[in-house]
Amino acid sequence: ARKFFVGGNWKCNGTGEDVKKIVTVLNEAEVPSEDVVEVVVSPPFVFLPQVKGLLRPDFSVAAQNCWVRKGGAFTGEISAEMLVNLQVPWVILGHSERRALMGESSDFVADKIAYTLSQGIKVIACIGETLEQREAGTTMEVVAAQTKAIAEKISDWTNVVLAYEPVWAIGTGKVATPAQAQEVHDGLRKWLVTNVSPAVAESTRIIYGGSVNGANCKELAAKPDVDGFLVGGASLKPEFVDIIKSAT
Ligand code: 13P
């Protein structure tokens, strides 16, 4: 069985004080055990050491990005080696905000994923269609192409969580319906069966992101192919605890 996965993507938000408050709420929360749900929070780079130091041991941390290859003369970048050095076990790669705002292509994202995995860091790989693409009926085509770019560059999916985040649902309050999420997750799993392997399809967690909150998570979590969430806005609030609890 696939262990439920809940990621909190804090994006480019917060101060050191905010970090303390959020971590305190998480540390005091009663949630299902780590055998049942894997919880990973992703603060901005500068707060990673602080969060790592304060956070309860059954939760872990992710970076929100990293450089595509070995570090060096790349001003402003953070390398996978540095994340290893800091013992950061996870990284989010290919988030739609980076694809759209920073121009990261599917090939570039796939290169990052392959390099990061090679360094022993686990990856939350994000994919998802725009509203225009959904309305044009090309959702499956788009997410399959994004997944294909990854599949061409990696062979071991053990340390990958696939995050389906429709761009139109991110930060908009317009959450995908459970049926819409299930349809795409099921399509992705079938794509993995055919193009990678039935074993990888069966074991890879496919999580949903986009306007998930404490009120809508239960119904989404009940869908058979929704293996967890990647949460933005609500991960900065106490309701993130309710989302973690939707694992059971
Ligand atoms: P929201 O939950 O704020 O819509 O953001 C989702 C997201 O982008 C998580 O990576």
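**A note on the ligand site and the pockets**

1. The ligand takes up the space of the second largest pocket. A pocket here is an open set of points on a 1 Å grid over the protein atoms alone, with protein on both sides within 12 Å along at least five of seven lines, and lining residues have an atom within 4 Å of a point. A molecule sits in a pocket if more than half of its atoms lie within 2 Å of its grid points.

2. Please keep in mind that this is a predicted model, where local features need pLDDT of at least 70 and side-chain atom pairs count only at pLDDT 80 or more, while totals for chains, interfaces and linings use all residues. Residues are numbered from 1 along each chain as its sequence is written, and side-chain values use heavy atoms, with hydrogens and water left out.

3. Now the ligand's contacts. Oxygen atoms of the ligand lie 2.8 Å from a side-chain N or O atom of Lys-11, 2.8 Å from a polar backbone atom of Ser-211 and 2.8 Å from a polar backbone atom of Gly-232. On its own the ligand has 310 Å² of accessible area (Shrake-Rupley method, 1.4 Å probe), and the protein covers 94% of that 310 Å².

4. The largest pocket holds about 330 Å³ of space. Its lining has 14 residues, with Lys-11, Cys-12, Gln-64, Glu-97 and Arg-98 nearest the centre.

5. For the second largest pocket, the space is about 260 Å³. Among its 22 lining residues, Gly-171, Ser-211, Gly-232, Gly-233 and Ala-234 are closest to the centre.

Conventions: Polar contact = N/O pair within 3.5 Å; in protein donor to acceptor, adjacent residues only side chain to side chain. 1 Å grid on protein atoms, 1.4 Å probe; cavity = no way out; pocket = protein on both sides within 12 Å on 5 of 7 lines; lining within 4 Å. Points joined across faces, edges and corners; volume = space filled by probe spheres on them.
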